[in-house]
Amino acid sequence: MTDTAIHCKEAPGAGTSTHPQDKSPADVACKDGGAASLVSLRIKHSRVATIMAEIDALIYRGSQDSLIEICGPTGVGKSALVRHMVDTIVANAQAAMQADAGLIPAIYIEAPSSGEHEFSWRLFYSRILDQLDGDVADVLPPSSYGIDTQSGRMVRSARMASGSLAALRTAVERALDARGTRVVVVDEAAHIIHQTSPKKLEVQLNTLKSLANRCNMQMVLVGSYDLYQLMSLSAQLARRSHVLHFGRYREDRPEDVRAFAGCVYAFEGALPHLWAGELMPYAQALHENTLGCVGTLNAVLTRTARRMELGALLPDALHRSLLAEVQRQQILEETYTGEAAINPGLTRTLPKLVRKPRAIGGLA
């Protein structure tokens, strides 16, 4: 399914319950579809613009930030953000990709949660290879796969079994080099933490860092606030990592209230035939229920739109589509805990410059 993007503008009268009357179809950059179209809808709101600007500043050849961590509450839209990031990197590399048919500048994978006691590196590496089209043999020299270039026969290394984890890691390294991949996005990276004993966690992160360094690429780890603890594992990891906080829109900040209302306004413009100009009065209630998370807002409104397509009226459809209070409370507690942990740790201090007085008459 092709994603549709809408540039989020501040809603006229945002922060109030008055519905804007001056909406123009030109403000909405998508075709009027059904409820299913909301699933792939991307709202380019201010939080996305801020994080994308940060990513642009951090991702470049020669960067010392091997690992970039994007943390935020559940439902804030992290997955949509990084998928958009990968699409943008690929789009910007079209000229280079036309010149080099084997080039894949960026890939997106989800860290596996296999049900095993330990994190499965075998599955992790396999998913990277899958994203490199699974046709790496077409762009690698035969010798890279143990094929004798003179006879064309397979040569099995006596030192490394072809099915070993080391062989899989080597295949990933060669594939990333051959494809010219410079960015690997790992979504749900908290699975690495949850399936690893505390004693081995630093080893797991060093494995990722070494892969990034070996292949001269950067790895973007995306997940919940649990990822933030990785910064404290070692001084070396802290130096080679950078953390970005993808926060929600808070109800206690007027600028956030206006921005969130702008997102509701954009969703309303995406399905004007369905909402019939009646969605904006619910902006405040939606902000409270979704905790200001645009991904959760998308899910709530998609369910609402589906119920309306089946004949329900907006008030009833929306009421039945909201998060239940037990769901909201659980998400709220985890969000508060995460924000309390990450916000102080991301404080950056620039010491004030102490200027020496100028010498007068040759005297200091």
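Mentor: Let us begin with contact, which means heavy atoms within 4.5 Å. The model is a predicted one, in which local features need pLDDT of at least 70 and side-chain atom pairs count only at pLDDT 80 or more, whereas totals for chains, interfaces and linings use all residues. Residues are numbered from 1 along each chain as its sequence is written, and side-chain values use heavy atoms, with hydrogens and water left out.

Trainee: What do the buried residues of α5 pack against?

Mentor: By that contact criterion, the buried residues of α5 pack against β4 (106–110), α6 (165–179), β5 (183–187) and α8 (201–214). The names refer to DSSP runs numbered from the N terminus, helices being H or I with at least four residues and strands E with at least two.

Trainee: Which residues of α5 are called buried, and what puts them on the same side of α5?

Mentor: Buried means under 20% relative accessible area, with exposed over 50% and partly exposed in between (1.4 Å probe, protein chains only). In α5 (residues 121–131), Trp 121, Phe 124, Tyr 125, Ile 128 and Leu 129 are buried. They cover an arc of only 135° around the axis, and therefore lie on the same side of α5; the arc is that of the directions from the helix axis to the C-beta atoms.

Trainee: What makes β4 and β7 edge strands?

Mentor: Two strands pair if DSSP finds at least two bridges between them. Five strands form an open sheet in the order β4-β5-β6-β3-β7, with parallel pairing, and β4 and β7 (241–245) are its edge strands, since each pairs on one side only.

Trainee: Why is β3 called largely enclosed?

Mentor: Five of the five residues of β3 are buried, so β3 is largely enclosed by the rest of the structure. Both faces are covered, with Leu 67, Glu 69 and Cys 71 buried on one side and Ile 68 and Ile 70 buried on the other. In a regular strand the side chains alternate between the two faces of the sheet.
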